[in-house]
Amino acid sequence: MTDVGFLTTVPLFRGLSEGVLRELASRLRERRYRAGEAVFHQDDPGGQLYLISAGQVRITMTSADGRERDVALLNAGDYFGEMSVLDDSPRSATARVTAEVHAFVLDRAGFHAFLIANPEVAFHLAISLAKRLRHADEMLADATFLDVPRRVAKSIAHLARTVGRPLGAQIQGPVDQDGLARLVGATRE
Ligand code: CMP
């Protein structure tokens, strides 16, 4: 798929004209990452926004003693890295590739100029950040109010809805018992 063809499938850019998407495509750089690779680490300086064209990325927070907690699993059409690009602070989490990624990268100046020229993208971005904040609030409440078995059950139901195949609740992708533990803030045991 061409850059522009891919951009028409990204929810953040819905409704934009082909000319605007072509102009955006001219500012993007293509990147590929292998499974297991980190695109960046928590606390790195951040200057780029990433659009996932194929593959999967795990967004992970690490404690001072090295324990990991996944905060999101992102797939084709999703973006990440916007927080540092918007507020000019270090990366809030690590982005690690779980299935080979093909991505397009936009630098801070390019993203800012694009948002100013296309306010509807800023509106879509605000909606999507509100959804992420809602999800983060829910994870915080779950960690406080639900025990581990209930968090596991909820996480499996969420995975089935978001990455499960349409037949039954078969879950696609590399979410093993360790992965499930990282998603609910527990250990495999
Ligand atoms: P940034 O802080 O630049 O780098 C880490 C990225 O992880 C962050 O931008 C977001 O793109 C992404 N991220 C952080 N927290 C969440 C979350 N709760 N849901 C989805 N993505 C997140």
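Val-152 touches Leu-180 and Val-184, leaving aside residues up to four places away in sequence. The model is predicted.

**Val-152**
- Val-152 is part of helix H6, which runs over residues 148–162.
- Its relative accessibility is 25%, so Val-152 counts as partly exposed.
- Along the chain, Val-152 and Ala-181 are 29 residues apart, and their C-alpha atoms are separated by 7.7 Å.

**Helix H2**
- In helix H2 (residues 18–27), the buried residues are Leu-21, Leu-24 and Ala-25.
- These residues lie on the same side of H2, because they cover an arc of only 105 degrees around the axis.

**Helix H5**
- Helix H5 (residues 119–145) has 27 residues, which at 1.5 Å a residue should span 39 Å; the end C-alpha atoms are 39 Å apart, which agrees.
- Val-121, His-124, Leu-125, Ser-128, Met-139 and Asp-142 are the buried residues of H5.
- The buried residues of H5 pack against strands E4 (68–74) and E5 (79–80), and against helices H3 (82–87), H4 (108–117) and H6.

**Ligand site**
- The ligand is surrounded by 13 residues, of which the closest are Gly-81, Glu-82, Ser-84, Arg-91 and Ser-92.
- Gly-81 has a backbone N or O atom 2.7 Å from an oxygen atom of the ligand.
- Glu-82 has a polar side-chain atom 2.5 Å from an oxygen atom of the ligand.
- In the side chain of Arg-91, an N or O atom is 2.7 Å from an oxygen atom of the ligand.
- The ligand taken alone exposes 460 Å², and the protein buries 93% of that.

Technical notes: Residues are numbered from 1 along each chain as its sequence is written. This is a predicted model: local features need pLDDT of at least 70, side-chain atom pairs count only at pLDDT 80 or more; totals for chains, interfaces and linings use all residues. Side-chain values use heavy atoms; hydrogens and water are left out. Helices (H or I, at least four residues) and strands (E, at least two) are DSSP runs, numbered from the N terminus. Buried means under 20% relative accessible area, exposed over 50%, partly exposed in between (1.4 Å probe, protein chains only). Contact means heavy atoms within 4.5 Å. The arc is that of the directions from the helix axis to the C-beta atoms. The expected span of a helix is 1.5 Å times one less than its number of residues. A residue is near a molecule or strand if one of its heavy atoms lies within 4 Å of it. A polar contact is a pair of N or O atoms within 3.5 Å; within protein, one must be able to donate a hydrogen and the other to accept it, and residues adjacent in sequence count only if both atoms are side-chain atoms. Accessible areas come from the Shrake-Rupley method with a 1.4 Å probe; for residues, only the protein chains shown count as cover.
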